[in-house]
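Please look over the sequence and the structure shown here before reading on.

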Amino acid sequence: MDARVLAGHLARAGVTEAFAAYEAERLPVLTRLQHSTRRRGPEVVIDLAHERAPGGFSDVREVFPGTELEDISAGFARLGGFDPNAVNTTMPPGAATGVRAHR
């Protein structure tokens, strides 16, 4: 995602302006991601498994019912802006301006 954003900005502006625009766009997202990671981020799964099954388990579904693991992972990916939906559908900056990628 970072590469797409940076490439879009580079396609529309000089290097200095592109990096400034990239930072303005991505810094808030990455700051939220960093704060989430400091609050245990995806490592919360390890802590939950230990709390729920301190003696261990043979199948992760014993500890995490339904889609709980997927939900935790998807939430972290959404927070960082790198979930598959965002990566595959978000138009990078410059795409709407007619700038075409080199092939």
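Predicted model: local features only at pLDDT ≥ 70, side-chain atom pairs only at ≥ 80, totals over all residues.

## The nonpolar core

The largest nonpolar core is made up of 6 residues, namely Val44, Leu48, Ala49, Ala53, Val63 and Phe64. Phe64, one of these core residues, is in contact with Val45, Leu48, Ala49, Arg52 and Leu69, once its neighbours within four places in sequence are left aside.

## Salt bridges between helices

Side chains of opposite charge can pair when their charged atoms come close. In the whole structure, a search finds 3 salt bridges.

One of them joins Asp2 to Arg26, with the closest N and O atoms 2.5 Å apart. This pair links distant parts of the chain, since Asp2 lies in helix α1 (residues 2–12) and Arg26 in helix α2 (residues 15–38), 24 residues apart. Asp2 is partly exposed, with a relative accessible area of 30%, whereas Arg26 is buried, with a relative accessible area of 7%.

Glu68 and Arg52 form another salt bridge, and their closest N and O atoms are 2.7 Å apart. Here too distant parts of the chain are linked: Glu68 belongs to helix α4 (residues 68–80) and Arg52 to helix α3 (residues 44–52), 16 residues apart. Glu68 is partly exposed at a relative accessible area of 22%, and Arg52 also counts as partly exposed, at 41% relative accessibility.

Asp59 forms a salt bridge with Arg61, in which the closest N and O atoms are 2.7 Å apart. Asp59 is partly exposed, with a relative accessible area of 25%, while Arg61, at 63% relative accessibility, counts as exposed.

How values were computed. Residues numbered from 1 in each chain as written. Heavy atoms only, no water. Core = buried A, V, L, I, M, F, W, Y, C linked by side-chain atoms within 4.5 Å. Buried < 20%, exposed > 50% of the residue type's maximum accessible area, 1.4 Å probe, protein only. Contact = heavy atoms within 4.5 Å. Salt bridge = Lys/Arg side-chain N within 4 Å of Asp/Glu carboxyl O. Helix = DSSP H or I, 4+ residues; strand = E, 2+ residues; numbered from the N terminus.
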